[in-house]
Amino acid sequence: MSFAITLPDGSKKEFDSAVTAGEVASKIAVSLGKAAVAAKVDGQIVPLDYQLSSDHKVAILTDKDDEGLNVLRATAAFVFAAVAKKAYPELHLGQHAADEDGFYVDTDKADQIKVGELPKLKRAMEKAVKNGEPIKHVQLAKADLAKQFADDPFKSALLKDESDPVDAYQLGDFIDFGYDALLPNTGKIKQFDLLSVAGAYWLGKSSNPMLQRIFGTAFFKKADLDADLKRRAEIKERDHRTIGRDLDLFFVDPKVGAGLPYWMPKGATIRRVIERYIIDKEVADGYEHVYTPVLMNLDAYKTSGHWAHYRDDMFPPMDMGDGEMLELRPMNCPSHIQIYKHHIRSYRELPIRIAELGMMHRYEKSGALSGLQRVREMTLNDGHTFVALDQVQTEFAKILKLIMDVYKDFDITDYYFRLSYRDPKNTQKYFANDEMWERSQKMLKGAMDDLGLDYVEAEGEAAFYGPKLDIQTKTALGNDETMSTIQLDFMLPERFGLTYVGQDGEEHRPVMIHRGIVGTMERFIAYLTEIYKGAFPTWLAPVQAEIIPVNLDAHGDYAKKLRDDLNKRGFRAHVDMRNEKLGYKIRESQTQKVPYTLVVGDDEMKADGVNVRPYGTADEISMSRADFLKKIAADVASYSREEK
């Protein structure tokens, strides 16, 4: 009986007997048969030996397809698992995956595979690749595989989710399962590398054992691998955790609290400068800054809806023993609502703008914590504006202008606007009021259209109480991240019974606008650290000028006098009085990425001057002390932006 294979362009191929996906590729074109790495049959990725005997939609995958690259990487993961098992026979294998970032394999080697062992395993992989060893696609009875993996708790657990018989692959004596499709032999895995070793909880749950996760990557072309390794080196160089350690900005010690950063003096200085900047900027824009407690009665979060919608991300309530339950706040909005409610409000006061650098706590799982990016305690640059309905769009534009002004000062240019709506197909996780959602989403879209700004629309990204504008930035590591938000909220004013007395003498309901200019201090400083690669602009640098006397005895007092003069004028200067060689101290200042290194000796003392060495250059500029003061003052005043 004949059947038809429908190709992506809509054309059909007729066959009278069963064929494999690889044979279909060769029938289309001999060159396609040689280039094929796998196929998609009715949307499912399958190996080339997959049998076809009825009508199907088939697409052949080659090295030009992203999914074809994933097949290559899955094959590399399989080969790594084989050579690792051969090198360490007692090793157990956990999960594995291949995606756009490479591949990984989890293992439980008792003494753990160290980074130094990766070259040996890579050489074993290269041998298998060079020999072009066949990879057999086999189907095995689930019961037989269960016997084979009886001593492996991880494979035994994974096997339970497989259908019977199990699709498996064999390389020599090694057998593994859980792969959609692999290459028919190892010969095409020529450009690969083993990258790193990290810990990973079994099945991603912190209550499970910690395994070793071996990361690698693979490409069809050497140029692509070289470019990827270069990119990874850049990412490693920009990692805020590494920079934070090297520049002594912050640390996190799981022994005293995972996800709870300790800010060292230099990191605290950067944070303090940003906080003062933000407060001054907001006060100048009409905001009233407040302080509110980090604890609140649990009933407030039940009223706000956070307890119902956000409970898994909140710490357990604290029973005070007298019926009162206190909760570490995950959000600041209920606190600012209390500030609004404390007085009777009039339409003449609106808009009322309340802001705070508010500390919050989130119940983040251990496996999700990462430096300053994901923490359990954070300080949000938070603000809430209470407006009349006819003030929404004007206030929205005012907030957006404030955000853009801040971005200019921090030289943030790589961003786009995203309107985040509720998911119309899954409304259960949102406040149940269709009229409110339609009204607020239309209002938000209208505000952006009135401003003439381009934006993308994203369903399912709204807060549970209302739609929002997210300003998405691209981090130095290539991740898409929300930097700032403006959210319209008709729900919380209703739930908390907020009112103002209108011009007619009657009570009216205000609209609440939530906004965050730069998100949390922790995440924002992580972002800046990676963008600047630790070389903070002069206005933000924890030490703006490192002063190095040529001779401690002869020039130390002059160096200290210069430091004191700079400090009194509000600049951050430090004198290196260590008994080290001059060249070493100059290099150390460069390593610490201090904007200006000032070397002072006899000539500088006589001329009341300094020898200036700007960071990142080999320049040495002699200038008077007065001229340097003008230079650093102009640098700070312009937020270190060069005049164009």
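Here are a few questions and answers on cavities and helix packing in this predicted model.

User: How many cavities of 30 Å³ or more does the structure hold?
Analyst: Rolling a probe the size of a water molecule over the atoms shows where empty space is left. With the cut-off at 30 Å³, the count of cavities in the structure comes to two.

User: What is the volume of the largest cavity?
Analyst: Its lining includes Leu247, Lys266, Phe536 and Pro595. By class, the lining splits into eight nonpolar, two polar and two charged residues. The space in this largest cavity is about 90 Å³.

User: Which helices each supply at least two residues of the lining of the second largest cavity?
Analyst: This cavity has a volume of about 40 Å³. Among the residues lining the second largest cavity are His240, Gly244, Gly267, Ile270, Ile525 and Thr529. The lining has six nonpolar, four polar and no charged residues. The helices that each give at least two lining residues are α8 (240-246), α10 (265-284) and α17 (521-532).

User: At what angle do α18 and α21 pack?
Analyst: Two packed helices are described by the angle between their axes and the distance between the axes. Here, α18 covers residues 552-568 and α21 covers residues 625-637, with the axes 12 Å apart. The angle is about 35°.

User: Is the crossing of α18 and α21 left-handed or right-handed?
Analyst: On the α18 side, Tyr558, Lys561, Leu562, Asp565 and Leu566 make the contact, and they meet Arg625, Phe628 and Leu629 of α21. That contact has five nonpolar, no polar and three charged residues. As for handedness, the crossing of these two helices is right-handed.

Definitions and conventions. Residues numbered from 1 in each chain as written. Predicted model: local features only at pLDDT ≥ 70, side-chain atom pairs only at ≥ 80, totals over all residues. Heavy atoms only, no water. 1 Å grid on protein atoms, 1.4 Å probe; cavity = no way out; pocket = protein on both sides within 12 Å on 5 of 7 lines; lining within 4 Å. Points joined across faces, edges and corners; volume = space filled by probe spheres on them. Nonpolar A, V, L, I, M, F, W, Y, C, P; charged D, E, K, R; others polar. Helix = DSSP H or I, 4+ residues; strand = E, 2+ residues; numbered from the N terminus. Axes fitted to C-alpha atoms, helices over the stretch in contact; angles between N-to-C directions. Left-handed = near helix turned anticlockwise from the far one by under 90°. Contact = heavy atoms within 4.5 Å.
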